[in-house]
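Please read it alongside the sequence and the model.

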Amino acid sequence: MRHISKLKRTALFGVGLTLVLVFGAAIPWTREQPRAAADVQVSIEQFGRYIEQWSEPEGYFDSDNFISNETSYLHVIEDLRQRVKPGGIYLGVGPDQNFSYIVHAHPMLAILTDIRRQNMLEHLWFKALFAMASNRLEYLSLLVSREIPRVKPDASFEEILQAVRASSTSERLFQKNLAAVMSLLTDEYKLKLSAGDLAKIDYVYRTFWEENLDLRFSSIGRGNAMMYPTFEEMLLQTDRQGRRQNFLSSEELFQWLKKFQAENRIIPIVGDFSGPHALKTVGAFLKSNGLRISAFYTSNVEFYLFGRPEWTRYVANLRSLPITDESIFIRSYFPNGRPHPLNVPGHRSTSFVSPMVPFLQAYDAGRITSYWDVVK
């Protein structure tokens with residue numbers, strides 16, 4: 001695969017963005033034809049610049065969303081392996097459930113966009129922890145700021161989690177780890193983070209430290225955390241065949257993702273799916289570099305957009321992305337009085353994949369008249 005020079009990437013990005021902004025609304029959507037993708041190399045300077053250039057002002061959602069609440073998230077892994085070709089572009093939303101999709105889809109680049117700036121900052125924290133840890137035991141220990149326990153070489157994933165949970169900790173250890181994270185992000189990576197950004201990273205890290213593997217998803221002000229699974233339970237979820245598939249479930253998966261992170265290939269940005277800038281700018285960059293979307297994890301964000309003015313803007317943003325007949329959505333559905341036929345008993349959420357091109361075709365034909373039409 002050929003290498004894209006910094007000059008070409010910058011120049012084409014500017015041209016592509018100008019064309020999208022000037023003509024994007026007038027050009028009808030057409031699917032992109034598959035072609036060989038270039039290997040985009042991302043320096044740490046470019047990583048920081050892309051975050052700044054592609055992001056838009058943050059919005060509001062009523063959850064800190066430290067972790068996912070979609071217990072079905074691994075039910076799509078076999079679909080990803082069968083339907084997603086390695087080397088494409090992965091788009092996603094939310095925290096670390098994306099890592100399990102990325103490690104099985106093997107994209108060239110992953111771009112994670114979320115309306116909450118705190119989500120972007122949480123991913124920068126994750127990036128620092130990957131750099132600090134040499135293996136998954138160290139990563140998990142750093143994640144909840146525990147002393148690294150001793151485990152037998154052939155310890156199971158469950159045994160590793162139990163050892164980390166029981167390991168000792170202290171305020172001193174937390175402050176040491178926090179300082180190391182901050183130094184990496186600001187001194188080594190030289191990311192432009194405000195005092196408010198650093199305070200939010202402290203808040204995220206402190207929450208993981210204080211709640212350990214018992215951390216749960218919760219909505220702000222609703223007091224509904226106990227409805228949702230713990231972080232440990234999320235890590236131990238399986239695919240539809242009952243196999244552990246989380247990125248931390250094996251050392252091999254972890255090491256693949258650690259290398260992917262070290263190459264700056266996971267770029268978290270701040271953006272609304274229906275916003276005026278983030279997805280359009282990402283689309284322009286991808287098109288200018290001959291890159292194509294392989295998978296777009298939307299979670300259940302479409303539920304909050306459908307039936308509102310944001311829905312039309314979201315679809316317009318989808319049209320700005322370079323997609324092919326092979327591009328897929330990864331969606332999550334929570335029942336609103338109607339069970340999903342793909343639901344696995346015991347799970348509130350249903351995770352499934354669906355092709356992107358037929359969705360846009362159905363939209364153009366006027367066949368998307370309800371949220372159920374989106375997810376059925």
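A residue counts as exposed when its relative accessible area is over 50%, and as buried when that value is under 20%. The model is predicted. By that definition, the exposed residues Glu252, Lys259 and Ala262 sit on the face of helix 11 turned away from its buried side.

**Helix 11**
- Helix 11 runs over residues 251–262, and its end C-alpha atoms are 16 Å apart, which agrees with the 16 Å that 12 residues should span at 1.5 Å a residue.
- Its buried residues are Leu253, Phe254, Leu257, Lys258, Phe260 and Gln261.
- Asparagine 264, which follows helix 11, has a positive phi, near 60°.

**Helix 4**
- In helix 4 (residues 97–105), nine of nine residues are buried, including Phe99, Tyr101, Ile102 and His104.

**Largest pocket**
- The volume of the largest pocket is about 810 Å³.
- It is lined by 38 residues, of which Phe61, Arg116, Asn300, Val301 and Tyr304 are the closest to its centre.
- Strand 2, strand 4 (293–299) and helix 13 (301–305) each give two or more residues to the lining.
- Helix 13 gives the most, with four residues.
- By type, the lining has 16 nonpolar, 13 polar and nine charged residues.

Notes
Residues numbered from 1 in each chain as written. Predicted model: local features only at pLDDT ≥ 70, side-chain atom pairs only at ≥ 80, totals over all residues. Heavy atoms only, no water. Buried < 20%, exposed > 50% of the residue type's maximum accessible area, 1.4 Å probe, protein only. Expected span 1.5 Å × (residues − 1). 1 Å grid on protein atoms, 1.4 Å probe; cavity = no way out; pocket = protein on both sides within 12 Å on 5 of 7 lines; lining within 4 Å. Points joined across faces, edges and corners; volume = space filled by probe spheres on them. Nonpolar A, V, L, I, M, F, W, Y, C, P; charged D, E, K, R; others polar.
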